[in-house]
Amino acid sequence: MNDEIYMRRAIAAGRRLRGSTDENPSVGCVIVSDGKIVAVASTARGGRPHAETQALNMAGDAAHGATAFVSLEPCCHQGRTPPCARALIDAGIVRVVTALDDPDPRVSGGGHKLLLDAGLEVTRGVLAKQAGRELRAFLKRHMDKRAYVTLKLAVSADGKITAKPGEPTAITGEIARNRVHLLRAEADAILVGVSTVLADDPDLTCRLPGMADRSPVRIVSDSRLSIPLTSRLVETAGYVPVWIMTTPAADPEIKAALQARGVQVIECAATDDGKVKLDDMLSKLAEKGISHVLAEGGAHMARALLEADLVDEAVLLQAPRKIGPQGLAAMAGLPLDTIRASARFKQRGESEPLGVDWLAKYVRVR
């Protein structure tokens with residue numbers, strides 16, 4: 001049996017609902033009996049049921065004597081659902097192949113141990129690197145106790161993000177903008193600074209056809225609670241969650257007014273100059289089950305995240321046209337080579353054409 005072939009299928013299955021499984025990882029499971037795939041499943045929307053449970057239900061009696069390929073160690077703790085490791089044992093699975101150990105302290109080797117103690121054959125670490133790439137945000141949340149950050153920048157050929165400060169500008173074309181909406185659908189949360197809200201009054205939702213319900217939590221860093229109560233974000237907080245990350249100095253009356261409109265206000269530590277301390281904010285988000293944050297705006301937020309060494313991945317969407325010297329620089333004075341030519345980041349793969357625009361991904365290497 002070629003373990004890697006089936007594990008690739010399991011990893012691909014887990015990728016399907018990335019960003020829609022709440023605090024749970026999007027895991028894939030493939031069950032193979034007599035050399036044939038009898039079930040393929042991923043963690044369901046909202047995080048329940050887990051991939052293994054769904055695959056076992058799909059396989060039925062064919063699971064007896066079969067091999068299960070799972071992209072992450074099966075859970076062994078009793079939560080809202082019974083442990084998946086026990087379900088695999090009870091179904092008569094005789095071999096389990098996993099890609100990654102689960103860093104969640106409730107599991108952390110216990111799933112593998114439960115399987116081994118029951119007499120199952122266990123093979124670990126198959127395509128661990130590939131699975132780790134897919135589950136990188138979940139791993140970051142449990143291992144580093146903070147949310148994983150993808151910084152998205154749509155820039156002109158001369159490194160600008162808008163024609164004039166405070167003036168929204170369509171930098172990239174429709175194909176690239178659709179890709180951004182897909183990035184939103186795959187994230188747990190979108191992050192902007194309050195200056196972006198004041199300048200653009202954005203929706204920050206996923207507007208791809210049929211994917212409106214994949215819109216992630218919308219997060220605003222706002223140390224003084226200056227977000228207008230009439231902003232689109234506040235007015236739609238009852239439909240797509242809005243969380244405001246603020247400081248202890250925030251006005252309690254404004255806080256109460258926002259909460260009355262369905263906005264969740266979360267207090268974070270403040271920097272010496274009174275701004276939201278970004279590392280504490282990301283830790284607070286991790287505590288609330290947010291694994292992957294897509295940072296979309298604006299220039300000062302991008303710079304602050306980079307200077308705090310909190311960017312794990314950067315997605316640069318490069319347009320061919322120039323804006324000119326009057327435009328707003330993408331990272332508030334930091335050159336784009338802070339990402340493109342830094343020893344801290346490495347480009348992943350080749351640049352990808354998106355109509356007239358280009359997309360390049362950079363991942364943190366140290």
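Author: A polar contact is a pair of N or O atoms within 3.5 Å; within protein, one must be able to donate a hydrogen and the other to accept it, and residues adjacent in sequence count only if both atoms are side-chain atoms. The model is predicted, so local features need pLDDT of at least 70 and side-chain atom pairs pLDDT 80 or more, while totals for chains, interfaces and linings use all residues. Residues are numbered from 1 along each chain as its sequence is written, and side-chain values use heavy atoms, without hydrogens and water.

Reader: Which backbone oxygen does the side chain of Ser 215 reach, and at what distance?
Author: Ser 215 sits in the loop between H8 and strand S9 (217–221), where helices (H or I, at least four residues) and strands (E, at least two) are DSSP runs numbered from the N terminus. A polar atom of the Ser 215 side chain also lies 2.8 Å from the backbone nitrogen of Cys 206. The oxygen is that of Ala 212, and the distance is 2.9 Å.

Reader: Is Ser 215 buried or exposed?
Author: Ser 215 touches Thr 205, Cys 206 and Val 240, with residues up to four places away in sequence left out; contact means heavy atoms within 4.5 Å. The classes are buried (under 20% relative accessible area), exposed (over 50%) and partly exposed in between, with a 1.4 Å probe and protein chains only. Because its relative accessible area is 15%, Ser 215 is buried.

Reader: Which residues does Phe 138 contact, leaving aside its neighbours within four places in sequence?
Author: Phe 138 belongs to helix H6 (residues 136–144). Its relative accessible area is 6%, so Phe 138 is buried. The residues in contact with Phe 138 are Glu 23, Pro 25, Leu 72, Asp 102, Pro 103 and Ser 291.

Reader: What separates the C-alpha atoms of Phe 138 and Ile 171?
Author: Along the chain, Phe 138 and Ile 171 are 33 residues apart.

Reader: Why is strand S13 (residues 313–318) largely enclosed by the rest of the structure?
Author: Strand S13 has six residues, and the reason lies in their burial. S13 is largely enclosed because the number of these residues that are buried is five.

Reader: Which residue of S16 is the bridge partner of Leu 316?
Author: Two strands pair if DSSP finds at least two bridges between them. S13 and strand S16 (residues 357–364) pair in the antiparallel sense over six bridges. The partner of Leu 316 in S16 is Ala 360.

Reader: Which residue of S13 is the bridge partner of Val 155?
Author: S6 and S13 run parallel and are joined by six bridges. The S13 residue bridged to Val 155 is Gln 318.

Reader: Which residues lie nearest the centre of the largest pocket?
Author: On a 1 Å grid over the protein atoms alone, a cavity is a set of points where a 1.4 Å probe fits but cannot get out; a pocket is an open set with protein on both sides within 12 Å along at least five of seven lines, and lining residues have an atom within 4 Å of a point. The largest pocket holds about 970 Å³ of space, a volume being the space filled by probe spheres set on points joined across faces, edges and corners. Among the elements that give two or more residues to its lining are strand S6 (148–155), helix H7 (174–186) and strand S12 (292–297). Of the 37 lining residues, those nearest the centre are Lys 152, Thr 169, Thr 196, Asp 200 and Glu 296.

Reader: Which helix gives the most to the lining of the largest cavity?
Author: The search of the whole structure finds one cavity of 30 Å³ or more, and the largest cavity has a volume of about 30 Å³. Its lining consists of Ile 11, Gly 14, Arg 15, Ser 26, Ser 71, Ala 131, Glu 134 and Leu 135. Helix H1 (3–15) and helix H5 (128–134) each supply at least two of the lining residues. With three residues, the element that gives the most is H1.

Reader: What is omega of the peptide bond from Arg 48 to Pro 49?
Author: Pro 49 is in the loop between strand S2 (36–42) and helix H2 (51–59). The bond from Arg 48 to Pro 49 is cis, with omega near -10°.

Reader: Is Asp 34 buried or exposed?
Author: Asp 34 lies in the loop between strand S1 (28–33) and S2. Although not a glycine, Asp 34 has a positive phi of about 50°. Because its relative accessibility is 80%, Asp 34 counts as exposed.

Reader: Is Leu 225 buried or exposed?
Author: Leu 225 is located in the loop between S9 and helix H9 (232–235). Its phi is near 55°, a positive value in a residue other than glycine. Because its relative accessibility is 3%, Leu 225 counts as buried.
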